[in-house]
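Have a go at each task before you read its solution.

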Amino acid sequence: MIRKGKIEDINPIMNLTKACAKAMIAKGIYQWNAHYPNPSAFKNDIDRNELYVLEIDADISGTIVISTLMDEEYKPIGWLTKNDNNLYIHRLAIHPNLQGKGYAQQLMDFAENYAIDNNYSSIRLDTFSQNKRNQKFYELRGYKRLGDIYFPKQSEYPFHCYELML
């Protein structure tokens, strides 16, 4: 079941994202760390009514943020559509014990259907340049890689920006 996130979900979400960070670090992918993601980011997502969680057997097993807010870092990218009717995906995570079972696909299907149902022009997101699995995941869904941005608190490596026109 996918539902809106609530304040009481923050601790389970942080446990989930810490498990994801640990699993990525074990594979040499230093995408998430002590700075990101953090509880204040998720609280802000909840306040903006943009956080969704995937519940499996009453446990929070995944999360996704579906936002209308364009981050400053995205402004230099040569997007395929105008900057006025887009959705942005952030903090997509599935617990490592459940990865590879189609749950990330479910969350992205949910986000894409939401975008289509609400007449958005496109969906935009970024993924870490060192995370080849994520890049393949988005590219197989039809997302086009457009350029790179940097988040110095997360990594010296760039993050690739992607867009799916709807």
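A residue counts as buried under 20% relative accessible area, exposed over 50%, and partly exposed in between (1.4 Å probe, protein chains only). You're looking at a predicted model, where local features need pLDDT of at least 70, side-chain atom pairs count only at pLDDT 80 or more, and totals for chains, interfaces and linings use all residues. Residues are numbered from 1 along each chain as its sequence is written, and side-chain values use heavy atoms, with hydrogens and water left out.

**Exercise 1.** Work out whether His90 is buried or exposed, and list what it touches.

*Solution.* Start by finding His90 in strand E4; strands (E, at least two residues) and helices (H or I, at least four) are DSSP runs, numbered from the N terminus. Next, check the area: His90 has a relative accessible area of 10%, so it is buried. Last, look for contacts (heavy atoms within 4.5 Å). Skipping neighbours within four places in sequence, His90 touches Ile64, Val65, Ser67, Asp71 and Tyr74.

**Exercise 2.** Find the side chains that make polar contacts with the side chain of Arg3.

*Solution.* First, go to strand E1, residues 2-4, where Arg3 sits. Arg3 is buried because its relative accessible area is 16%. Now look for polar contacts: pairs of N or O atoms within 3.5 Å, where, within protein, one must be able to donate a hydrogen and the other to accept it, and residues adjacent in sequence count only if both atoms are side-chain atoms. The Arg3 side chain pairs with that of Asp9 at 2.8 Å and with that of Glu55 at 3.0 Å. Beyond its neighbours within four places in sequence, Arg3's contacts also include Leu51, Tyr52, Val53 and Ile60.

**Exercise 3.** Decide whether Lys101 is buried or exposed, and say how far its C-alpha atom lies from that of Tyr74.

*Solution.* Look in the loop between E4 and H3 for Lys101. Its relative accessible area is 54%, so Lys101 is exposed. Then go to Tyr74, 27 residues away along the chain: the two C-alpha atoms are 31 Å apart.

**Exercise 4.** Find the span of the domain that UniProt lists, and describe its make-up.

*Solution.* The unreviewed UniProt entry puts "domain: N-acetyltransferase" at residues 1-166; UniProt positions are in the numbering used here, feature names are shortened, and annotations may be inferred rather than shown by experiment. Residues 1-166 are 30% helix and 28% strand, with 25 Å between the end C-alpha atoms.
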